[in-house]
Amino acid sequence: MTYEGRHTADGILLLVHLLMTDLRGVDPAAVSADLWAEPVRGWLAAGAALAAGEPRRALAVLDDPEQEETYDDLVTRTLRTAATAMDVNWSPGGLVGWALPAQDESALLKSMDGTHARLAILAKDPGLRLAAFLAARYLPDLLVARAVLGSGEILDALPPDVTAAVGGAGEVGEAVRWFDEVPQEIAEGGLAAPVAYHLLVAGDVRARVGDRRRSEALRQEALRLVPGDPAFAAMASLLAGDAELGTPGAAERCLPLPAGRRTLDRAAKHYAAADALFRKAGATRGRAAAVLRLAHVARLRRKSDDRTVCVDRALTLAAAAGDRACVALLKVHRMLDAVEDGRPLPVDDVAEVRRWAATVGSGSWLLGMAHLVAARAGDWTRQSHIVRGREAGDLAQRLAEPVAPTDAGGRPCPMPLA
């Protein structure tokens, strides 16, 4: 696949794998974008930033084309759409349960405007169209669908214009049906991996509405398309463990689920298998996600020593992979664990997490972390753990203080969000 002699097939293929963000098959830290010429170099740098959960970094490395006169401009614009969606509408566990601020809503709508026309033009190059579709439609649609499935309140929180722009996932049934068929852009992309990825994502969507039988069937169908691929097998195991816990995003949201011993044993078995398979695939980012979940199983079992070991190991893995959104989340989990254990909070963690969000990270990811801490504070208060509830409430307030985009030096960032 070439375009004016510059778009190499392996570069575009790598971009596609980076944009399959839930696969976690490529470590952001392992991407050497400088091996490619522009514009692929910039696209890969942005794709690696998105895989790292750093949409503001992605926006900083991408041009902001005004006229969109070339294929380059069209693909760049779709990557900016993905970055904007991840900056304003992304949260741990997929639960964005708040109304988008007017500025964020405007940025998201502006970034998505014209997506259909761009994809129609790119139909002449199925490879480029596939990458553009994953960026401008698939990722934003998935973020909205998971928010819809995670909380009925999201139906009131998301403006109708936003849900319509990303596929009309205005109700749970519609959000589920959107994933029942393989999108044309993926089916015609000429690659088995994106089709398998869609089937795994569709299985996760089904699990989130309690349809575990269909979810398992979709996972098996996906694995038949990519036999022997450890990264896909690992993702399937990760999703199977999530389905066992029964509540969408439970581990990322640090939810105190009333899970029984057998349920936790089955979930742990799936997560351990995912860790081993991600290791085989050389995917350290995937291993971090698996060990984060093992930490939560230990948390639910009330095995604080095992929990601490797993959190520390997951932090090491996430940092090595370059998944800094996962690093930030694990630091918040570690702070919550300190509150529960009655230990002092780790020094400077709040400031570091907020600095990351303001410079290269995601504002909505930060707000989502504040929400999960506030939810835990509420749980403790209702259980009469007054000191824990107060400390967690204070932590949530510190995390939730608004942050404006800044550059790495802490100066106000002049780049637009769309």
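Q: Which residues of helix H1 (residues 9-19) are buried?
A: This is a predicted model, and in it helix H1 spans residues 9-19. An α-helix has 3.6 residues a turn, so residues three or four places apart point the same way. The buried residues of H1 are Gly11, Ile12, Leu14, Leu15, Val16, Leu18 and Leu19.

Q: What covers the buried residues of H1?
A: Leu15 and Leu19 are among the buried residues of H1. The cover over the buried residues of this helix includes helix H2 (40-51), helix H4 (71-88), helix H7 (126-150) and helix H12 (192-208).

Q: With which residues is Leu79 in contact, leaving aside its neighbours within four places in sequence?
A: Contact here requires heavy atoms within 4.5 Å. With neighbours within four places in sequence set aside, Leu79 is in contact with Leu15, Leu19, Trp43, Leu50, Leu62 and Ala135.

Q: Which residues of the largest nonpolar core touch the most other members?
A: In soluble globular proteins, nonpolar side chains tend to be buried together. The largest nonpolar core in this model has 133 residues. Its members that touch the most others are Trp43, Leu44, Leu79, Val373 and Leu399.

Q: Where does the largest share of this core come from?
A: The core in question is the largest nonpolar one, with 133 residues. Its largest share is 16 residues, and they come from H7.

Q: Is Arg56 buried or exposed?
A: Arg56 lies in helix H3, residues 55-61. Its side chain reaches the backbone oxygen of Ala357 at 3.0 Å. Buried means under 20% relative accessible area. Because its relative accessible area is 5%, Arg56 is buried.

Q: How far apart in space are His385 and Glu340, C-alpha to C-alpha?
A: His385 sits in the loop between helix H20 (363-382) and helix H21 (386-400), and is partly exposed, with a relative accessible area of 32%. In sequence, His385 and Glu340 are 45 residues apart. In space, their C-alpha atoms are separated by 9.4 Å.

Q: How many disulfides does the structure hold?
A: A disulfide is a covalent bond between the sulfur atoms of two cysteines. Cys254 counts as buried at 5% relative accessibility, and Cys326 counts as buried at 9%. The number of disulfides in the structure is zero.

Q: Over which residues does pLDDT stay under 50?
A: The mean pLDDT of the protein chain is 89, and 89% of its residues reach 70 or more. Two stretches with pLDDT under 50 have 17 and 19 contacts beyond four places in sequence, respectively. These stretches are residues 1-6 and residues 165-170.

Technical notes. Residues numbered from 1 in each chain as written. Predicted model: local features only at pLDDT ≥ 70, side-chain atom pairs only at ≥ 80, totals over all residues. Heavy atoms only, no water. Helix = DSSP H or I, 4+ residues; strand = E, 2+ residues; numbered from the N terminus. Buried < 20%, exposed > 50% of the residue type's maximum accessible area, 1.4 Å probe, protein only. Polar contact = N/O pair within 3.5 Å; in protein donor to acceptor, adjacent residues only side chain to side chain. Disulfide = S-S within 2.5 Å. pLDDT = per-residue confidence, 0-100. Core = buried A, V, L, I, M, F, W, Y, C linked by side-chain atoms within 4.5 Å.
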